[in-house]
Amino acid sequence: MNGATIERVYVWQLPVRLYHWVNAACVATLAVTGYMIGRPMTVPVIGEASFSYFFGWVRFIHFVAAFVFFFNFLGRIYWGFAGNRYAHWDQFLPLTPRLLRKQWREAVEVMKVDILQAKVEPMESVGHNALAGWTYFLSFLAFLFQSVTGFGMYAAMSDAWLPHMFAWIVPLMGGDFAVRQWHHMMMWFFIVFSMIHVYLVFYHDYVEGRGVISSMAGGWKFVERRK
Amino acid sequence: MGGAPLSIWEQARLQGHSRRDFLQFCSWLAAAAGIQASGLSQVVHALDTKPRLPVVWFHFQECTCCSESFIRSSHPIVSDIILDKISLDYTETLQAAAGHQAEAALHETMTKHKGEYLMLVEGSVPSEADGVYCCIAGRTALDIVREAAADAKAIVAWGSCASNGCIQASRPNPTGATPIHQLISGKPTINVPGCPPIAEVMAGTIVYLLAFERIPQLDGLGRPKAFYSRRVHDTCYRRPNYDAGLFVESFDDENAKRGYCLYKMGCRGPVTYNSCGVIRWNNGVSYPIQSGHGCIGCSEASFWDNGPFYRHLASFPGFGIETTADTVGVAVGAVTAAGIAAHAITTNIRKRKVIAEGISESTPATKGEGESHG
Ligand code: HEM
Ligand code: HEM
Ligand code: SF4
């Protein structure tokens, strides 16, 4: 376009992409099975209880997905230090004044694009835009919260050391009931987050035409360079 | 009184119990306290030789259901020995003394057995308005607890009131009802929650203190692990129905008759730590779930506020009793979906030009390049 060239940039390395889709699959599984745990459906009677393990399987799937989810998340945190600059932790958490100012300016721009739907200028950043980065940071906190409360509850059914590392949350919240309620409520954060997230990704792909969606599959984004 | 203090065995003998009765009692208590067979001789030895463990038992904001539970303990020697004869120097509801005499007995124990006596507390302590909501002999419960705790060897908080505040501390807690462990620091405190606690659990806790002269292993909420390390749900005989997904849908349905799991009726078994499924109540006769009613979680903090009892999810604070986290979640989700739809529509209106420009700009370029890229 008018003198600009389109460049291909390798943004999301394989660990980030892998993390993303494993995470999305886990969150979907956890939300579905979690909802079923909180509000069990009526299964047609299939005979005596000893012949069936339906609810047990639902919970089992929840727990397996939970472990995958947790270690996948740890892997992403590691990659926040080891990965390329787009995956770096300071994309989510600008701790230097300079970065903060830069990301703040960009976040305002993004809000103009997304909410006021005012202008469309090519974004400065190639990786996550600043507002998205902050939202992902918020979701990382939610991941952490869900892991802590989940493993805190799981500690009651397990002798493994990992869940017991989180057992402190139960006295802190005043008991398993409260932990469960919070854990349940947080499911709705994930549902609402995913709705908005998926929509916005489509939206940005549509209005910016930089191939955002496919970037999470193949790793490449398209950037305009003005010469 | 007078002379060397009698041991528990000597007291039992005086009461007319045989040695055989006594040994049975010891093994029963050891079992109740979760002590292995190899530790039995230690229990027998302790009850054989140890003199009375001086005990004062206070009653503050409570309903006396803990005492009621305790004296209905399935083994007669419990009430006979532990409660009646051996150790109890002061307890408002059961002592014969009254008025000044009772106060004198209390102070005698507290001075004579300074640092030695066991302090049992039933009931929470009001802290609002300087504690005037509960006064005994002209003093506030707050005062009494602080004074008695200062020289106590250890404190046992009986029941949910003393352990977590129970109904007095439920919202809005007008009297500022406070559990003991939040008032006293630096004293070993054992929480024995339940509304009431199981008699055998109470006896077991005392026996442990008596026999081993140390605090039993406690969990994160200060409860003896021997009784509170497992959830009601983990020891529930309806558990196979839970695992199969067979639930009672209403209290009068066929599934209730079949003995299906009460989870959907709001059973708190999965979030409640207690021994009901193992020890049961009234000499092992039954427990709520066996009688067809879900667990209400009476040994868990703020169980009154976690209502309604007959629903799995609590009501969402601030939205009235019918609203759960799911109702709120669905509403937020619907608003989000509506917002997304509106946004998508305005995008196509407001950005129509931009998008059209983009498409027209790129068309010529893609004609040639599109082919080479495949
Ligand atoms: C995005 C992540 C997650 C979501 C959306 C989610 C959702 C849920 C929901 C809605 C429930 C039902 C709560 C109720 O009874 O009302 C639940 C239960 C539970 N979740 Fe999760 N969860 C997630 C992650 C985890 C993790 C990481 C763990 C860790 C082990 C975990 C462990 C548990 C446990 C132990 C229960 C209780 C199950 C039972 O005792 O039957 N969850 N979850
Ligand atoms: C079909 C569904 C989904 C699609 C198409 C999708 C697409 C994307 C894309 C394109 C990005 C990069 C956006 C950017 O450049 O800023 C991204 C990032 C991200 N997405 Fe998704 N996503 C989906 C589902 C989910 C779900 C269910 C979750 C979790 C609840 C999730 C969590 C995240 C996170 C945390 C990031 C940041 C990645 C990082 O840097 O580690 N996504 N997603
Ligand atoms: S009745 Fe209650 S405690 Fe028993 S299995 Fe069902 S949910 Fe668990």
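## The interface between chains A and B

In this predicted model, chain B and chain A bury about 4000 Å² between them. Of that area, 60% lies on carbon and sulfur atoms. On the side of chain B, B:Asp326, B:His343 and B:Lys351 lose the most area to chain A. Together they account for 14% of what that side buries.

How many residues are in contact? Chain B brings 49 residues, and chain A brings 44.

One salt bridge is found across the interface of chain B and chain A. Its partners are the side chains of A:Arg39 and B:Asp326, with N and O 2.9 Å apart. B:Asp326 is also among the residues of chain B that lose the most area to chain A.

Across the interface, 18 residue pairs are in polar contact, both residues at pLDDT 80 or more.

## What chain B presents to chain A

Which helices of chain B each supply at least two residues to the side that touches chain A? They are helix 11 (239–244), helix 14 (325–350) and helix 15 (352–373). Helix 14 gives the most, with 15 residues.

## The fold of chain A

Chain A has eight helices and two strands. Its pattern along the sequence is β-α-α-α-α-α-α-α-α-β. The C-alpha trace of chain A spans about 75 × 40 × 35 Å along its principal axes.

## The iron atom of ligand 1

Two histidines of chain A coordinate the iron atom of ligand 1: A:His62 and A:His183, each through NE2, at 2.0 Å. The site has six donor atoms, with angles of 85 to 178 degrees among them, and is octahedral. A:His62 sits in helix 2 (residues 54–82) and A:His183 in helix 7 (residues 176–208), so the pair ties together parts of chain A that are 121 residues apart in sequence.

## The iron atom of ligand 2

Which residues coordinate the iron atom of ligand 2? They are A:His20 and A:His197, again through NE2, at 1.9 to 2.0 Å. Why is the arrangement octahedral? Because the six donor atoms around this iron atom subtend angles of 85 to 180 degrees. For six octahedral donors, the ideal angles are 90 or 180 degrees.

This pair also links distant parts of the chain. A:His20 belongs to helix 1 (residues 14–38) of chain A, and A:His197 to helix 7. They are 177 residues apart. Helix 7 of chain A thus holds A:His183, a ligand 1 residue, and A:His197, a ligand 2 residue.

Key. Residues numbered from 1 in each chain as written. Chains lettered and ligands numbered in written order. Predicted model: local features only at pLDDT ≥ 70, side-chain atom pairs only at ≥ 80, totals over all residues. Heavy atoms only, no water. Contact = heavy atoms within 4.5 Å. Buried area = accessible area lost by both parts, 1.4 Å probe. Salt bridge = Lys/Arg side-chain N within 4 Å of Asp/Glu carboxyl O. Polar contact = N/O pair within 3.5 Å; in protein donor to acceptor, adjacent residues only side chain to side chain. Helix = DSSP H or I, 4+ residues; strand = E, 2+ residues; numbered from the N terminus. Donors = N, O, S within 2.8 Å, 3.2 Å for Na, K, Ca; no water. Tetrahedral: all angles 85-135°; square planar, octahedral: opposite > 155°, others 65-115°.
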